[in-house]
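Biologist: I would like to learn how to read strands, sheets and helix packing in a model like the one shown here. Could we go through it feature by feature?

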Amino acid sequence: MTEPTLDVVAIGNAIVDILSQSDDAFLAEQGMTKGSMQLVFSPDDADALYAKMGPGREVSGGSAANTVAGIAALGGKCGFIGQVADDQLGTVFAHDIRAAGIRFDTAVRSGEPTTARCLIFVTPDGQRTMNTFLGASQFLPEAALDADLIASGAILYLEGYLWDPEEPRAAMRAGIRIARDAGRKVAFTLSDTFCISRHGDDFRRLIADGEIDILFANENELLALAQVDDFDAAVEQVAGQVPVLVVTRGEHGAIAVTGRERTTVPAEPIDRLVDTTGAGDLFAAGFLHGQAQGYDVERSLRMGALCAAEIISHYGARPAVDLKALVEAKLG
């Protein structure tokens with residue numbers, strides 16, 4: 001078995017985020033559930049909602065793409081597989097991820113639909129409400145997978161958001177087989193309770209079949225996956241089925257369970273909460289980077305907490321400071 005040359009290879013939505021400040025009244029008027037993600041299925045609907053946004057800023061995003069961008073900022077070596085269209089937003093996404101030092105070779109898709117975009121409304125309390133038009137990203141075919149790239153990563157990282165469309169779901173299943181055949185680990189993030197409501201049985205089957213080595217969830221996602229109301233009961237149920245379970249709990253920190261050992265870290269303090277977009281993505285970045293470097297679970301969790309604290313201190317889901325220097329200053 002050959003040694004991996006990359007730390008993490010991710011398969012995910014290739015999205016450009018468009019962020020704008022908003023308020024609770026606007027969210028209610030548009031029928032949005034604050035703090036959640038909903039899909040926008042029609043490009044016309046996406047255009048109509050975009051027209052209602054205030055001044056916005058464009059930042060390359062996508063859950064798994066944010067995670068590998070964070071890992072690269074920490075000094076890790078990463079690759080990304082995701083579908084963009086042959087348009088301006090696709091060019092923006094490709095430029096940004098390559099500029100971060102991430103290998104991105106997925107061929108662009110010609111014709112409609114356009115590159116995916118996520119319209120994010122940020123309220124004064126820092127909560128983000130996302131409206132995602134998946135566009136070209138939902139047509140990522142199995143044929144677009146680079147098997148050598150996947151096999152070169154120590155960890156294959158998959159996002160639950162991309163499980164919804166049929167083509168990328170098949171591609172991710174194929175990616176798991178490639179990683180398994182190469183002796184690599186597979187990490188999976190549940191992404192949102194919305195994903196679990198639609199594909200919970202699939203996720204539970206993947207876990208029961210031993211396909212997932214590292215599972216990421218927030219507290220609500222874990223409860224939805226376990227189909228119980230008690231947090232500790234949910235942890236016990238799910239942790240018994242995966243080698244590593246990582247659960248973020250917002251201001252209450254995070255836990256990881258490996259075997260029968262449970263490790264807890266507090267949330268990293270911040271001066272002001274600005275925007276929670278990407279908090280889970282960057283937590284995963286810190287944790288996965290720590291694991292890829294051979295650090296113990298506690299240090300990996302603390303790295304995750306530091307990265308999440310940095311990202312929620314400003315707008316957008318890509319780091320605004322030198323993450324590597326930040327972690328070295330805090331953890332040594």
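Biologist: Which residue in S13 does valine 247 stand opposite?

Modeller: Please keep in mind throughout that this is a predicted model. As a general idea, strands of a sheet pair through backbone hydrogen bonds, either parallel or antiparallel. In this case valine 247 stands opposite isoleucine 255 in S13, and the two strands concerned, S12 (residues 244-248) and S13, pair in the antiparallel sense over five bridges. They form a hairpin with five residues between them, and glycine 250, which lies in the turn, has a positive phi of about 60°.

Biologist: How many bridges does S13 form with strand S14, and in which sense do they pair?

Modeller: S13 and S14 (residues 261-265) are antiparallel and are paired over five bridges, with arginine 262 in S14 as the bridge partner of valine 257. This is also a hairpin, with two residues between the strands, and glycine 259 in its turn has a positive phi of about 65°. Four of the five residues of S13 (residues 254-258) are buried, so this strand is largely enclosed by the rest of the structure.

Biologist: What is the strand order of the open sheet of nine strands?

Modeller: The order is S6-S5-S1-S9-S10-S11-S12-S13-S14, and the pairing is mixed. At the edges are S6 (103-104) and S14, each of which pairs on one side only. A parallel pair in this sheet is found at S10 (residues 185-189) and S11 (residues 214-218), which are joined by three bridges; there, isoleucine 214 in S11 is the bridge partner of alanine 187.

Biologist: And which strands are at the edges of the open sheet of five strands?

Modeller: That sheet has the order S3-S8-S7-S2-S4, again with mixed pairing, and its edge strands are S3 (37-39) and S4 (56-61), each pairing on one side only. Neighbouring strands of this sheet are turned by 25° against each other on average, with direction ignored. Within the sheet, S2 (residues 15-21) and S7 (residues 116-122) pair in the parallel sense over seven bridges, and phenylalanine 121 in S7 is the bridge partner of serine 20.

Biologist: Which strands does helix H2 lie across?

Modeller: Helix H2 (residues 43-52) lies across S2, S7 and S8 (128-133), running at about 35° to S7. Helix H4 (residues 88-99) packs on the sheet as well, touching S2, S4 and S7, and its direction makes about 55° with that of S4.

Biologist: How should I read two helices that pack on each other, and at what angle do the axes of H10 and H11 cross?

Modeller: Two packed helices are described by the angle between their axes and the distance between the axes. Here the axes of H10 (residues 279-292) and H11 (residues 297-311) come within 7 Å and cross at roughly 150°, which makes H10 roughly antiparallel to H11. The crossing is right-handed, and among the residues that make the contact are Leu282, Phe283 and Phe287 of H10 together with Val297, Leu301 and Ile311 of H11. Sorted by class, this contact has eleven nonpolar, six polar and no charged residues.

Biologist: Why is helix H3 described as largely enclosed by the rest of the structure?

Modeller: The reason is burial, because ten of the eleven residues of H3 (residues 63-73) are buried. The buried residues include Ser63, Asn66, Val68 and Ile71. H3 is followed by glycine 75, whose phi is positive, near 105°.

Definitions and conventions:
Residues numbered from 1 in each chain as written. Predicted model: local features only at pLDDT ≥ 70, side-chain atom pairs only at ≥ 80, totals over all residues. Heavy atoms only, no water. Pairing = 2+ DSSP bridges. Axes fitted to C-alpha atoms, helices over the stretch in contact; angles between N-to-C directions. Contact = heavy atoms within 4.5 Å. Parallel < 35°, antiparallel > 145°, perpendicular 65-115°, else oblique. Left-handed = near helix turned anticlockwise from the far one by under 90°. Nonpolar A, V, L, I, M, F, W, Y, C, P; charged D, E, K, R; others polar. Buried < 20%, exposed > 50% of the residue type's maximum accessible area, 1.4 Å probe, protein only.
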